[in-house]
Structures are given as structure tokens and as C-alpha cells.
Amino acid sequence: PKPTSEAELQAFYDANPERFRVPERVSFDQVFLDPAKHGDAVQSAAAAALADLSAGKAPDSVGDHTPLRHRYDQAPRDQLEVLFGKTMTAALFMLPVGEWQGPFKSDFGWHLVRIHARSPSRLPPFDEVRDRVLQAFAADRRARRNAEEYARMRSHYDVVVEWPAKTSTDDSTSA
């Protein structure tokens, strides 16, 4: 189901801006420190790793193995919250750009991070997201038409529930 006009599509975009908003994003490097490997010395290991990184050592030569990537580019907040948790993610969106910082705790362990760039949440202009708007418009129109058709079909039927007759064994008050 297509819109009847470009103005109708524009009106749909104007009425639903949050559906088309690009979330805030951050690009960063991370180095992982495994608490299982370092135990009580994890904080001193983090301090030593931070010193190495600040001195220019390559991030992939510092820290411990992790299935997480060493670099994230333009990662949205909600994706990072799933990976690193809310506390560390909040830090990623507040830290200064360019310096190694940390350690920050996640569910996995401890991380040192260096922010490369952040971009705020923004609502792209209509022309930039027109195809997404058209898809959302069509999906909404299909869902509305389906709901209307189901309601119309249901209006032709009466639902009658017939309960079985109650027997004396069903009566919990008799003893």
C-alpha cells in the first residue's frame, strides 16, 4: 500500500520522528583485562596496561583475549549496553576523545578505552530517509488494513462457549 501523495508520506514522517531518528553513536578502541586471569591484581594490571597504551603500545598487544572486538565504529548506545552494560556504556558517551581511560567494569571484566569520535542522536532530513519512511508507511497501512479486515470478519461470527454440566463430584462444597 503506497501513499497517495508525497505530501502524505512527508506527513507520516513528521508525525513519527522517533521512528527515523538515528541514535547517538560512539567509535572507540577497547582493551580487555580478564579478572579470572589477574584475580586481585586486576587493578594493577589495568594501571600497567594503561601506562603501556599511553606510551604508544599497540592496543592489540596489551590486555587479554576476548571475543569482543578491539575497535567499535559508530556503535549505537543500545547495542553497547547489551555488550558492556549501562554503566560502562554511559562512560563511553561522556569520556574525552583521544585519551586512554579506565578501567571500566562490564559483565565480562575490566576494559580500558580510547574514544575516537561521538555523534549525537539526530533526525535525518526526510530526503535522506525517504525509503525507510516509505517502508514504515506501507507496513503501518498493511497492519491497519489487516486489523480492520479481521475485525470485519469477526463481526460475522458469534462465539458461544458451552460449559459442561456440573456434576456432584465437581462440587467442592459437598462433603
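Visitor: How many aromatic pairs does the structure hold?
Guide: Seven, in this predicted model.

Visitor: How do the rings of F12 and F20 sit, and why is that called edge-to-face?
Guide: Their planes lie at 65 degrees, with the centres 6.3 Å apart, so the pair counts as edge-to-face. The cut-off for that label is over 60 degrees.

Visitor: F12 and F20, buried or exposed?
Guide: F12 counts as buried because its relative accessibility is 12%. F20 is buried too, at 1%.

Visitor: And what about F28 and Y72?
Guide: Those two rings are stacked, 5.2 Å centre to centre with 15 degrees between the planes. F28 belongs to strand β1 and Y72 to strand β2, so-called distant parts of the chain, 44 residues apart. Both F28 and Y72 are buried.

Visitor: Which residues form an aromatic cluster?
Guide: F12, Y13, F20, F126 and F137 make up one cluster.

Visitor: Where does the charged end of R77 sit?
Guide: Over the ring of F93, 4.3 Å from the ring centre.

Visitor: Which residues of α3 are buried?
Guide: V42, A45, A46, A49, L50 and L53. Down the helix axis they fall within an arc of 135 degrees, so they line one face of α3.

Visitor: What covers them?
Guide: The cover includes β1, α2, β3 and β4.

Visitor: What comes just after α3?
Guide: G56, which takes a positive phi of about 105 degrees.

Key
Residues numbered from 1 in each chain as written. Predicted model: local features only at pLDDT ≥ 70, side-chain atom pairs only at ≥ 80, totals over all residues. Heavy atoms only, no water. Buried < 20%, exposed > 50% of the residue type's maximum accessible area, 1.4 Å probe, protein only. Helix = DSSP H or I, 4+ residues; strand = E, 2+ residues; numbered from the N terminus. Arc of directions from axis to C-beta. Contact = heavy atoms within 4.5 Å. Phe/Tyr/Trp six-rings, centres within 6.5 Å; stacked < 30°, edge-to-face > 60°. Lys NZ or Arg CZ within 6 Å of the ring centre and 35° of its normal.
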